[in-house]
Amino acid sequence: MSKALEVIRNIYVAFGKGDIPNVLGALASDIRWTEAEGGPYGGVSIGPQSVLDNVFMKLGSEWDDFSAVANEFIANDDVIVVLGDYSGSYKSTGKSLKAPFAHVWRMQNGKAISFDQYTDTAMFLQPMK
């Protein structure tokens, strides 16, 4: 297994355990994190602190049992594509989420330098209504 693939696999394991410090530790100081436009957190965050503030803190405060489960990893050197499923329950409505995702990670020197999220944003927004 390549070092890049190992880092990305470990990100999903850490996220699944709620170990956000280890997730953030795998990100480059200038990571470009892109959430799908049209989704609840759509847009670009630069740097781990911005990812924490704009994505992870919102997921943690707005969702119960939110998960991003990776089902498949496709590696090509320092580019890793991850296919999986989101799930959780939106706290204010109690409605459940189940939506597939594709994540594209780019790595450099053992750190994630970019993340691009692809998901059906309508499925993501539905539980919020």
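I took helices and strands as DSSP runs, numbered from the N terminus, and worked throughout on a predicted model.

**Entry on the pocket.** I looked up which element supplies the largest share of the lining of the largest pocket, and found that α3 does, with five residues. Besides α3 (48-62), I noted α1 (3-16) and β3 (63-76) as elements that each give at least two residues to that lining. The space in this pocket comes to about 170 Å³, and among the residues around it I listed Phe-15, Ile-20, Phe-56, Met-57, Trp-63 and Phe-66. Sorting the lining by residue class, I counted eight nonpolar residues and four polar ones, with no charged residue.

**Entry on the core.** I then turned to the largest nonpolar core, which has 36 residues, and where Trp-33, Phe-56 and Trp-105 have the most contacts inside it. The elements giving two or more residues to this core include α2 (20-25), β1 (27-35), β4 (79-90), β5 (96-108) and β6 (111-119), while α1 gives the most, with eight residues.

**Entry on α1.** I checked the span of α1 and found that its 14 residues reach 20 Å from first C-alpha to last, close to the 20 Å expected. Among its buried residues I noted Leu-5, Ile-8, Ile-11, Tyr-12 and Phe-15, and the buried residues of α1 pack against α2, α3, β3, β4 and β5. After α1 comes Gly-18, where I read a positive phi, near 75°.

Note on methods
Residues numbered from 1 in each chain as written. Predicted model: local features only at pLDDT ≥ 70, side-chain atom pairs only at ≥ 80, totals over all residues. Heavy atoms only, no water. 1 Å grid on protein atoms, 1.4 Å probe; cavity = no way out; pocket = protein on both sides within 12 Å on 5 of 7 lines; lining within 4 Å. Points joined across faces, edges and corners; volume = space filled by probe spheres on them. Helix = DSSP H or I, 4+ residues; strand = E, 2+ residues; numbered from the N terminus. Nonpolar A, V, L, I, M, F, W, Y, C, P; charged D, E, K, R; others polar. Core = buried A, V, L, I, M, F, W, Y, C linked by side-chain atoms within 4.5 Å. Buried < 20%, exposed > 50% of the residue type's maximum accessible area, 1.4 Å probe, protein only. Expected span 1.5 Å × (residues − 1). Contact = heavy atoms within 4.5 Å.
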